[in-house]
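Please look at the sequence and the structure below before reading on.

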Amino acid sequence: MSEEISTNQTVEEEQQTNLPGLSNENTKQEEEVNETQQEQQQEQEQQPQEQEQIDDQDTQQQEDEFVVLEETKPVEPIKPIKPTPTPQEIQQQQQQQQQQQTQEHEYQDIVQFIDHKGDIVKEDNKNGRTTFLSTLSNRDDFLTKGFDYSVISILGPQSSGKSTLLNLLFNTRFAVMDASTGRKQTTQGVWMGVASTANNKNETFLILDVEGTDGRERGEDEKAFERKTSLFSLALSSVLIINMWAHDIGRYNAANISLLKTVFELNLQLFQKKRNHKILIFFLIRDHDGVTPLERLKATLMEDITKLWTDLQKPDEFVGTRESDFFDFEFTTLPHKIYSPTAFLGQVEQLKQRFSDSSVDSFIPKRKYRNDDIPADGFYQFSYQVWETIKSNRDLDLPSQKEMLALYRCDEFVEQSMTQFTRDIKPIKEHIERGRIQEQFGEKSKRILDQSLSVYDEPAQRYHLETVQKKRQVLTDRILTELRYLFDKQMERLNENTLVFYNSLIKEFTDSNTGSSSSSNNNKKRDGSSVLLTAASVGIIPQFSTWSNGIKKKSIEYFEIVANQSIVPGSDWSFENDLEQLKIKIDKELSILKENQLVRLSKLMRDKTFQQELTPQLTKITEQAPNNMWQKIKTYYDDALSSNEKEFRDRLVDFQLDEQKVNELINKFRDQLADGLKNKITERAEFLQMRMRKRFEEKFNMDNRNLPRKWAKTDDIASIFQDARQNAEKLIDLFSYLRLDDEDSNVSFFKRLDNDEHEENTMVNSSKIIIPYKDCCLACENFRLTIKSDYMQALSEQNRLTSGGGVPGYMIILLCVLGFNEFISIISSPLLLLLTILLGGVGFVLFKLGLAGPFIDYSSQILVHFINKVKDIVLHVEQLQEQNHNNNTPKQKKE
């Protein structure tokens, strides 16, 4: 769209040389010159509201430019003479208008960022008001630029043609002043727009049109707002254009020297921390008539700038610096827009080329002026924070604002990265939390970490480097914290799996060992009496120390392989603590297994000593129970102990025990053998009554030829009985006390006295007592009771054998006469006859076996026991009757 320009300008011309008839005296007269507004109807239809205002080109009255003649009479206002354009100029203007019309689609939307009150503009859908944020949000071509953009702002007096110039240079559509309506403020606050050029699509500009200085609308508040907008422009800009008139150079306020002083002072505050680029201050000198060369104007301005910089109150850290340390300066001029329109447009076109064509040497927005800390997608947030800081009158620290922007944006990138990480790590996390080992955990986690960091790095690389790195470290720490949690879980599970692996190695060995030993267990002794005991048969591991070290080594290697694969490359993780804990657990398990093996070995040696060597001999000796029984037992016991103790010591070498432990186990082995022997004798003593009975019968019922004794009249049954009893009772003393030590060989625990009684020997070691004294007495008493019938039977048999006549004949005749009736009744009754025959047969057998006396005694005891039971029953019945009677008596009294 072509630009609508209307300029109302007051012109004072020199009349002495150009107007005949006027006085030559130096009197001045103020004339008003109204220039008709050039409007294009087509542009007004396309933009009826937005383009109502036109360029604020202010051509102030200057004494050195126009001379007013003193006259004695009023004169008519003289209209300025407009030069008649040539046909070539008319054709050039038409081509420019056509070019502008074809480039209308390139014009960018212009939005207000800061309003007249100094507030950030907010969205207003009712009034169709959009914000700079919403405009940028729809400009993907700008947001994806990264750092490839330049911020260009313009400062200058109000109505000095700033908006018009920006529209010509960058094809923007900033509102311009309509001079026909009066000289007034057009641009209020700060307006922004994104622009590109037709010549170079790669160059993108963010244009800031700033409210003019020295405006009457603000009154006394002008300086405060002017200071803030100037500082805002400086903080954001790559190129800062100072728009000024040529005739104002040399003046303090009109040339914006005071404004420059503000910019320089704030720049020193702004750069207390180092900035990574300079700012180009571009002086655009308007209405240059060519009388004063540009070099002289440049020298004047640089002289003022140098003096201004020297007079500044600088912080200590900037003492000795020059203005060139922070700024670059360039200068150019433009002719009068109204009086030299063709030259004006031509030089504007050349200046436009310097902004758009990066290939020319005089290219203005060079890359070195760009702010590499603020990417395009973060510009709005950065500018918002800068203005809020300025508006609240806080000190502006540009790097801190960049950091705030970076923090704000990087936090978003961190969350995006964490979302990506959470999604990628979820399968691994679920796998580990189910109690499973994740193979190649470190490599997979590293790959996920790198992918998550790349999600962060790609958009974050355009922001403040130090902040990006800090946030990247925070992100890395967060991810590593999550991964460390999974790593610790992995280590816990790996610890458990290693112990399972350790147990599997043990089981594998024991199963193979058990399989080989089971076949050997089928080999019995030739007599088939017992199974041979071997180390394999009871699960003893040969060369235990060597074997256990190998098992531990394999387990540790298994752990270390998986643990090394679980460490994320580049992290400072270590599994040393987990490894130490594992070693402690394995050592503890091996220690328990070692103790178990030692117990099995001790039991093997003890059982082997008893089953294969002592038990057969003990059974034989205790069965015979000779008087020198303990001497024989001691001989066999010492031989077995000596041979098996040596074997035991040899086997303990495999366990790498210290001498103290070995001696402890050997002593324990000896004690166990002694206790085992004592228990064995105790078991054999349970049949003591039988052995005593046997020994008694061998002495009492057998003669010297070892034949059954026939009692004769001359036999002294009492003496033989007493000798046989005393000989049998010696077994009680023989089995009652353990006599393995030499000092115990002649000890008698159950001592017999002269009166045929016994007493306890209290001087013996109580731990060696096998049968307590009371049990000895009870055994002796029971034995005497059982052999009493033998003595009576022997006497009866002796009397029977020594009796000469036997039963008298008359007694037999008398018995037959008196018992004839009973005899007839018995033989006449089959039942009585059968019962008589049975009883007679039993009596005959008992008599022949010599059991008649014991049978009578036993029958008497049964009869007595039966009678006592009957008495108890009768007494119980009487008690119940008496109790019942007592219960019925109260009832009868009540009735």
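Patches are made of residues with over 30% relative accessible area and no salt bridge, where like charges are joined within 9 Å and nonpolar side chains (Val, Leu, Ile, Met, Phe, Trp, Tyr) within 5 Å. A salt bridge is a side-chain nitrogen of Lys or Arg within 4 Å of a carboxyl oxygen of Asp or Glu. Accessible areas come from the Shrake-Rupley method with a 1.4 Å probe, and for residues only the protein chains shown count as cover.

The model is predicted: local features need pLDDT of at least 70, side-chain atom pairs count only at pLDDT 80 or more, and totals for chains, interfaces and linings use all residues. Residues are numbered from 1 along each chain as its sequence is written, and side-chain values use heavy atoms, without hydrogens and water.

Tyr-810, Met-811, Ile-813, Leu-814, Val-817 and Leu-818 form a nonpolar surface patch, together about 650 Å² of accessible area. Leu-814 lies in helix α22, residues 809-818 (helices, H or I, have at least four residues and strands, E, at least two, as DSSP runs numbered from the N terminus).

Seven strands form an open sheet with mixed pairing, in the order β1-β3-β4-β2-β5-β6-β7 (two strands pair if DSSP finds at least two bridges between them). Because β1 (110-114) and β7 (327-333) each have a single partner strand, one side of each is left without a neighbour in the sheet. Strands β3 (residues 190-196) and β4 (residues 204-210) run antiparallel, joined by seven bridges.

Two helices pack on the sheet, with contact meaning heavy atoms within 4.5 Å. Axes are lines fitted to C-alpha atoms, for helices over the stretch in contact, and angles run from 0 to 180 degrees between N-to-C directions.

| α6 (residues 162-170) | β2, β3, β4, β5, β6 | about 170 degrees with β4 |
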